[in-house]
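Here's a quick tour of a protein chain for you to follow on screen. Keep the viewer open and click along as we go.

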Amino acid sequence: MSSKQQFVKLNDGHFIHALGFGTCKSQELWSTCLRPELVQPTLEKSLERLQLDYVDLYLIHYPVPLKPGDNDFPVDEQGKVLFDTVDFCATWEALEKCKDAGLVKSIGVSNFNHKQLERILNKPGLKYKPVCNQVECHLYLNQSKLLDYCKSKDIVLVAYGALGTQRYKDWVDQNSPVLLNDPILCDVAKKNKRSPALIALRYQIQRGVVPVVQSFKENEIKENLQVFEFQLSPEDMKTLDGLNRNVRYLPTKCFADHPEYPYSEEY
Ligand SMILES: NC(=O)c1ccc[n+]([C@@H]2O[C@H](COP(=O)([O-])OP(=O)(O)OC[C@H]3O[C@@H](n4cnc5c(N)ncnc54)[C@H](OP(=O)(O)O)[C@@H]3O)[C@@H](O)[C@H]2O)c1
């Protein structure tokens, strides 16, 4: 990692990279393991597999609980998703215990809307606030309201899909627009003599979002690190803000029937 890489302080005093590369030892608690009694054993199994004593960051992957078992996506004979009934506030208490046990440094959530975050923050006896909320966030879904909310609560908004996602065949509508081909983004990139990917990442850094971007290509990884070497002008930031159009690449509609489906709320 380049010495130019910067860090963001979390509300529990720990730090994360300002641009995530998957190099930070973070893990997510999968939706079939949200029952409080499953949380610590699940984390311990992950630690054993990873041959680690602790992870830096542990996140509740998604607020909708799924039926526990070996199948990550449990479905019935008709292919309907099998849900579980778990209050994620109880899951959160189990995560707090994992932190107290030293199995994880920081705890957070992923794919929570602001009302769901609010429920954790207002939970009686809350010991630790979530340090972050990792959500889909990019130029076509810039999450400005959720970002403002998170900032007001000292929660870091971590962006996945900042480059328009990997367009996973099973999850993303293949007819959805390709973010990095956007003509206005490409114009801003040309003007700044940088690639559209770098502009899309720089946009997030400049508004206080931590993008987590995945690449296995050396040239891309090197390029992405240049995000700390330039700045976008206020006019460019405004132009890029204007690209927001509520395109959610990963709407996970198969969970829409559950009352905790996060995207029924505006933000
Ligand atoms: N919490 C959640 O629910 C959730 C959901 C989805 C994803 N995630 C996580 O978020 C991370 C990022 O998400 P993502 O990979 O779907 O989306 P992404 O970061 O928007 O896109 C990654 C894609 O961009 C390409 N890329 C990387 N650097 C590039 C560059 N400089 N120029 C051009 N293309 C570049 C990579 O392709 P190639 O390297 O193949 O060229 C990769 O396929 C992943 O680690 C993923 O596990 C979390």
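Let's start at a spot on the outside: N246 counts as exposed, with a relative accessibility of 62%. You'll find N246 in the segment after α8, and its phi is positive, about 60°, although N246 is not a glycine. Keep in mind that this is a predicted model. From here we'll look at the whole chain, then its inside, then a few single residues.

**The whole chain**

- The protein chain has eight helices and eight strands.
- Its radius of gyration is 19 Å, close to the 18 Å that the globule rule gives for 267 residues, so the chain is as compact as a globular protein of that length.
- If you draw a box around the C-alpha atoms along the principal axes, you get roughly 55 × 45 × 35 Å.
- How much of the chain counts as buried? The figure is 49% of the 267 residues.
- Take the contacts between residues at least 6 apart in sequence: 72% of them join residues at least 24 apart.

**The nonpolar cores**

- The largest nonpolar core has 37 residues. Those with the most contacts inside this core are L19, L139, I199, V227, L232, L240 and F255.
- Which elements give two or more residues to this core? They are α5 (183–192), α6 (196–206) and α8 (234–241).
- Helix α6 provides the largest share of the core, with six residues.
- Not counting residues up to four places away in sequence, I199 touches L185, V188, A189, N192, R194, F230, L232 and L240.
- Another core lies apart from this one and has 34 residues, with L47, A94, L103 and Y149 among them.

**The cavity**

- How many cavities of 30 Å³ or more does the count give? It comes to one.
- The volume of the largest cavity is about 90 Å³.
- This largest cavity is lined by 13 residues, and the closest to its centre are F112, Q143, L146, R248 and Y263.
- Sorted by class, the lining of the largest cavity has six nonpolar, three polar and four charged residues.

**Two residues on the buried side**

- Is Y140 buried or exposed? Its relative accessibility is 3%, and anything under 20% counts as buried, so Y140 is buried.
- Y140 lies in the loop between β6 (132–136) and α4 (144–152).
- Leaving aside neighbours within four places in sequence, Y140 is in contact with P177, L179, D182, L243, N244, R245, N246, V247 and Y249. That list includes N246, the residue we started from.
- Y140 and V158 are 18 residues apart in sequence, and their C-alpha atoms are 16 Å apart in space.
- E260 sits in the segment after α8. Its relative accessible area is 14%, which puts E260 under the 20% cut-off, so E260 is buried too.
- Setting aside residues up to four places away in sequence, E260 touches P63, V64, F88, Q116 and R119.

**Partly exposed and exposed residues**

- V8 is part of strand β1 (residues 7–9). With 23% relative accessibility, V8 counts as partly exposed, because that label covers the range between 20% and 50%.
- N71 belongs to the loop between β4 (55–60) and α2 (88–100), and at 44% relative accessibility N71 counts as partly exposed.
- Where N71 and T32 are concerned, 39 residues separate them along the chain, while their C-alpha atoms are 8.2 Å apart.
- K193 is in the loop between α5 and α6. Its relative accessible area is 76%, and over 50% counts as exposed, so K193 is exposed.
- K193 has a positive phi of about 55° although K193 is not a glycine.

How values were computed
Residues numbered from 1 in each chain as written. Predicted model: local features only at pLDDT ≥ 70, side-chain atom pairs only at ≥ 80, totals over all residues. Heavy atoms only, no water. 1 Å grid on protein atoms, 1.4 Å probe; cavity = no way out; pocket = protein on both sides within 12 Å on 5 of 7 lines; lining within 4 Å. Points joined across faces, edges and corners; volume = space filled by probe spheres on them. Nonpolar A, V, L, I, M, F, W, Y, C, P; charged D, E, K, R; others polar. Core = buried A, V, L, I, M, F, W, Y, C linked by side-chain atoms within 4.5 Å. Buried < 20%, exposed > 50% of the residue type's maximum accessible area, 1.4 Å probe, protein only. Helix = DSSP H or I, 4+ residues; strand = E, 2+ residues; numbered from the N terminus. Contact = heavy atoms within 4.5 Å. Rg over C-alpha atoms; globule rule 2.2 N^0.38 Å.
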